[in-house]
Amino acid sequence: MDNKDKLFGLIDLNWRFELTKFKQVGKLFKSRWFPLLPIIVNLFIFVIILLAGFIGGYSSGSYNFGIMIVWILWWVMLMFILVPGFSRSWCLMCPFPIFSDWFQRKRLFGVRQGKLEGLGLKWPKQLKNMWVMNIGFLVTTFFSGLFTVKPFATFVLLGGIILLAFLIGLIFEKRSFCLYVCPVSGFQGLYAQFATAEIRRMNPELCKNHKVKTCFVGNECGYGCPWMLTPFDFKKNTYCGMCLECFKTCPYDNMGFFLRPPGVDLLSDTPREPRRLDEAWKAFIMLGIAAVFFLTMQGPWGVLKDMVRQATFKGWLIFITLHSFFCLVGIPGIFFIFSCLSKLFSGNKEVSLRQIFINFAYTLVPIGLGVWIAFSVGIILPNGSYLIHVISDPFAWGWNLFGTAHFPWTPVFTGSLGYIQGFVLVIFYLFATALGFRLSKQTYLDLSQAKRGWIPILIFLTLVTILFLWLYLG
């Protein structure tokens, strides 16, 4: 990036603030207790969630601890704070892979050098991408009408993910499940490119002269990167699970945790970490799912709610057919038309249509994240008060642990909900356009071509924004 490049003329895209320069933060990141303690705490919470889901059966989910914590609190924190603010910080504290880690390493706290346990097979080369996660996440949304209202369905989903993480850990190397299968991992990686935090090496010369590369292979202080990245040179958040093993294994304390401007990774395109078609499709799928979720969960159309809640089997089949087509074909197809128009308007004959399509698909990362944050606002404001109730009576056994079991349902700011959602979306639309024009200048190296080629994409982003504003504001 140009050293003088500023987003909106104000935000220096090269600005970084290192948090690990504070001794206590650096010491924390090098400790083997961190992130083990947050993982154990989350494991305890998820045990309660699973028990609440199992005990709750198919009763209404509004007063079920599992439903409220997972689909209200956890989801909102993920979209509001963790991903946009701190990249893949949920992966840092996620309890799902703890059992496979324990099996492979034969310990949770200390460091066991040598070959890890398990078969340690390589993940198939053809599947080293987001396609499994793309399809997997889409398929889980087919059952959203059950997961979000029926406690036992949430128990099955979370229990299945934990079991699958363990089984894959027995067969494949390191965090293969997290990298290529976990349905939460894919959208975290995509939207982490917009995040305002990153882990990177600091002094490239130190890494260049350090021949052993302990951040990758491990040493007596920690394990080699479980995510199979090369911490000494990666440049994007997409596949960094923030496990902090690189901090523990670097003998020069050359890894840093930085705050930064949003969206920096969207402008990065290197031979080792190129923009990819599978990531582009993830952006289409996430945008499509957000639109469908709004229509079926927050919209006024009762017939759609009945379809997603499986009131009839035929209605549900129609829902998943239309939903799949919209996400996998409809949105990408429309975007392809605008990509063709971009190439036509630019007058450039050298840049391939494939490159134009993929590059500009990354403009949907800010828009998509904004849509999901707005959707999450529509979850927490009407339903957040349920959380106050369930923490006192997690199993619906009549407990009152914190004196809040009888707290009534109290929607907040629902009269202003559409305006809040619209405001959020407009902010992210501005980021999408500001970063998108820079993507256009990377795609078409001639400035006049970049300006002309940007027009159709800008129109597409504007139409998407207007559509969602219409949905929010009615």
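L82 counts as buried, because its relative accessibility is 11%, where buried means under 20% relative accessible area, exposed over 50% and partly exposed in between, with a 1.4 Å probe and protein chains only. The residue belongs to helix α3 (residues 65–86); helices (H or I, at least four residues) and strands (E, at least two) are DSSP runs, numbered from the N terminus. Leaving aside residues up to four places away in sequence, L82 touches M77, S87, S89 and W90, contact meaning heavy atoms within 4.5 Å.

The model is predicted, and local features need pLDDT of at least 70, side-chain atom pairs count only at pLDDT 80 or more, and totals for chains, interfaces and linings use all residues. Residues are numbered from 1 along each chain as its sequence is written, and side-chain values use heavy atoms, with hydrogens and water left out.

The chain as a whole comprises 21 helices and 7 strands. Its radius of gyration is 23 Å, which agrees with the value near 23 Å for a compact globule of 474 residues; this quantity is taken over C-alpha atoms, and the globule rule is 2.2 Å times the number of residues to the power 0.38. Along the principal axes, the C-alpha atoms fill a box of roughly 65 × 55 × 40 Å. Of the 474 residues, 56% count as buried. Among contacts between residues at least 6 apart in sequence, 79% join residues at least 24 apart.

Two packed helices are described by the angle between their axes and the distance between the axes. For α14 (residues 277–298) and α21 (residues 447–473), the axes come within 11 Å and cross at roughly 20 degrees. α14 is therefore roughly parallel to α21, angles under 35 degrees counting as roughly parallel, over 145 as roughly antiparallel, 65 to 115 as roughly perpendicular and the rest as oblique. L287, A291, F294 and L295 in α14 meet V464, F468, L471 and Y472 in α21. By class, this contact of α14 with α21 has 8 nonpolar, no polar and no charged residues.

The axes of α17 (residues 353–361) and α20 (residues 417–443) come within 9 Å and cross at roughly 155 degrees, so α17 and α20 are roughly antiparallel to each other. Here I356, N359 and F360 of α17 meet G436, L439, S440 and T443 of α20. The residues of this contact divide into 3 nonpolar, 4 polar and no charged.

Terms used:
Axes are lines fitted to C-alpha atoms, for helices over the stretch in contact, and angles run from 0 to 180 degrees between N-to-C directions. Ala, Val, Leu, Ile, Met, Phe, Trp, Tyr, Cys and Pro count as nonpolar, Asp, Glu, Lys and Arg as charged, and the others, Gly among them, as polar.
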